[in-house]
Amino acid sequence: MIRVVVLMRYEELEKVFKNNKKIKFRLFSLEYIIEIIDNKVVIYPEMYPQRKQEYFSFDAIMNYYHIYNEPLIENIDMIRIIE
């Protein structure tokens with residue numbers, strides 16, 4: 001399997017999510033997955049699938065899901081999409 005890592009801006013990140021209904025990305029040393037499950041947007045570290053957190057939208061995840069006490073939106077320049 002070939003992995004491609006891409007730098008993203010918010011609009012591009014949101015577009016990828018809307019098109020694929022799923023995003024896998026790396027932030028700091030962990031890989032995370034954002035996907036739609038039962039009409040809810042869910043985020044979780046790939047290594048810990050039991051730690052799923054549900055939100056009502058992609059925007060809510062970006063603003064309210066915290067990694068190291070900072071929302072994803074504040075670290076968007078460090079998010080690397082894995083395709």
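For my first entry I need a rule: a contact means heavy atoms within 4.5 Å. I also note that this is a predicted model.

**Entry 1: N75**
I went to N75 and found it in the loop between β7 (70–71) and β8 (80–82). Is N75 buried or exposed? Its relative accessibility is 5%, so I put it down as buried, since the cut-off for buried is under 20%. Leaving out residues up to four places away in sequence, N75 touches L27, F28, I67 and E70.

**Entry 2: ring pairs**
How many aromatic pairs are there? I get six aromatic pairs. One of them is F17 with F58, which is stacked, at 5.0 Å centre to centre and with 20° between the planes. F17 belongs to helix α1 (residues 10–20) and F58 to helix α2 (residues 58–64), so I noted a link between distant parts of the chain, 41 residues apart. F17 and F58 are both buried.

Next I checked Y32 and Y65, and that pair is edge-to-face: 6.3 Å between centres, 75° between the planes. Y32 is in strand β3 (residues 30–37) while Y65 is in the loop between α2 and β6 (66–67), so the pair ties together parts 33 residues apart in sequence. Y32 is buried at 5% relative accessible area, and Y65 is buried at 7%. I also saw that ring pairs link F25, Y32, Y55 and Y65 into a cluster.

**Entry 3: charges over rings**
Which ring face does R51 lie over? R51 lies over the face of Y48, 4.3 Å from the ring centre. K52 lies over the face of Y44, at 5.0 Å from the ring centre.

How values were computed:
Residues numbered from 1 in each chain as written. Predicted model: local features only at pLDDT ≥ 70, side-chain atom pairs only at ≥ 80, totals over all residues. Heavy atoms only, no water. Helix = DSSP H or I, 4+ residues; strand = E, 2+ residues; numbered from the N terminus. Buried < 20%, exposed > 50% of the residue type's maximum accessible area, 1.4 Å probe, protein only. Phe/Tyr/Trp six-rings, centres within 6.5 Å; stacked < 30°, edge-to-face > 60°. Lys NZ or Arg CZ within 6 Å of the ring centre and 35° of its normal.
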